[in-house]
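Keep the structure open beside you as you read.

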Amino acid sequence: MRKIVFWGAAIAALGFIVPAAAQPIVIKFSHVVAEKTPKGQAALKFKEEAEKLLPGKVKVEVYPSSQLFGDGKEMEALALGDVQFIAPSLSKFDKFTKQLQVFDLPFLFDNIEAVDRFQQGPVGQKLLTSMQSKGFLGLAYWHNGMKQLSAKKPLLVPSDAKGLKFRVQASDVLAAQFQQLGANPQKLAFSEVYQALQLGTVDGQENTWSNCYSQKYQEVQSDFTHTDHGVIDYMVVTNASWWKKLPPDVQAGLKKAMDVATKLNNEVAGKLNADAKKKIAESGSAKIHELTPAQRAEWKKAMEPVWAKFEGGIGKDIVDAAKKSNGASKS
Ligand code: LMR
């Protein structure tokens, strides 16, 4: 007993320290939507998989609903290293690259399957690295879905939108799209939309069914129109220099976790949007209008002139590849 006490005291005196266990790398993942949306679910799946594949090596903290950083701040935070993963909608990269504006051209993609073909094809994959010179690296595309319109009155034909104020994401294409209709676009952060609709700062908006329902827009908008006129999808981006410095096994594990999360996201996105549409209809507080083929053709004709303004900046090769993803009809 005495010996043990002696050696214990001797070790302490010589300053031996038991090496501390390596601390896990803390990865902050910030996003702006609710947890019950495709992106909300996928971010949680990424955390679960990453921590399972890299036990003790990484700790992923997911911050939904603009809790940590909202639109406007999250990209700056990523550049500064205050957050390691974000997944903004493709419309929000406007100031970093014009190439991603292709996703905002109205009525370009027939459906989410066409969007997926384009993203997974060579041109779409190349776009993941289009912001590397700005320090951002794209790791995956996540689907949300096709956009719908809403207002405090039925929007059945383009002239119904004339003179109304519509909230848009920070995208020049989306602003031009509403100007094309004779409406007034207002760029607003996602977290501010409900209140702006409630107070009448804006009259209408465009978003996916899952975003509309999870933000309760049906409480402040009486009419939704099923237009599928555009897409809201995401690019999961990380800080390129942080990513490059990760140990190879951590990088490989995070890539695997990202693949699993992407698969889940893309499997649930369609169903979450269909369910959200149903719930808006069942809420009894708003009407959903289905367009006739002739009415939809009118919206398309009214919005499509926007393409000509942006095609040059995006690049003809990119726009052509996107058109081709629809199949024979638009190639
Ligand atoms: C929006 O601002 O409307 C969307 O981009 C929000 C989101 O991340 O889905």
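The second largest pocket is lined by 17 residues, and those nearest its centre are Asp71, Gly72, Lys92, Lys95 and Ala170. A pocket here is an open set of points on a 1 Å grid over the protein atoms alone, with protein on both sides within 12 Å along at least five of seven lines, and lining residues have an atom within 4 Å of a point. This is a predicted model, where local features need pLDDT of at least 70 and side-chain atom pairs count only at pLDDT 80 or more, while totals for chains, interfaces and linings use all residues. Residues are numbered from 1 along each chain as its sequence is written, and side-chain values use heavy atoms, leaving out hydrogens and water.

**The two pockets**

- The second largest pocket has a volume of about 250 Å³, a volume being the space filled by probe spheres set on grid points that are joined across faces, edges and corners.
- Its lining has six nonpolar, two polar and nine charged residues; Ala, Val, Leu, Ile, Met, Phe, Trp, Tyr, Cys and Pro count as nonpolar, Asp, Glu, Lys and Arg as charged, and the others, Gly among them, as polar.
- The largest pocket holds about 310 Å³ of space, and of its 19 lining residues Ile112, Gly145, Met146, Gly270 and Asn273 are the closest to its centre.
- Helix H10 (248-283) gives the most to the lining of the largest pocket, seven residues; helices (H or I, at least four residues) and strands (E, at least two) are DSSP runs numbered from the N terminus.
- Five nonpolar, nine polar and five charged residues make up the lining of the largest pocket.

**The cavity**

- There is one cavity of 30 Å³ or more; a cavity is a set of grid points where a 1.4 Å probe fits but cannot get out.
- The largest cavity has about 100 Å³ of space, and its 16 lining residues include Val32, Ser89, Lys92, Gln169 and Asn211, which lie nearest its centre.

**The ligand**

- Where does the ligand sit? The ligand sits in the largest cavity, meaning that more than half of its atoms lie within 2 Å of the grid points.
- Residues around the ligand (a heavy atom within 4 Å) include Val33, Asp71, Arg167, Phe190 and Tyr234.
- Oxygen atoms of the ligand lie 2.6 Å from an N or O atom in the side chain of Lys39, 2.7 Å from a polar side-chain atom of Lys92 and 2.8 Å from one of Asn211.
- The protein covers 100% of the 270 Å² of accessible area that the ligand has on its own, by the Shrake-Rupley method with a 1.4 Å probe.

How values were computed
A polar contact is a pair of N or O atoms within 3.5 Å; within protein, one must be able to donate a hydrogen and the other to accept it, and residues adjacent in sequence count only if both atoms are side-chain atoms.
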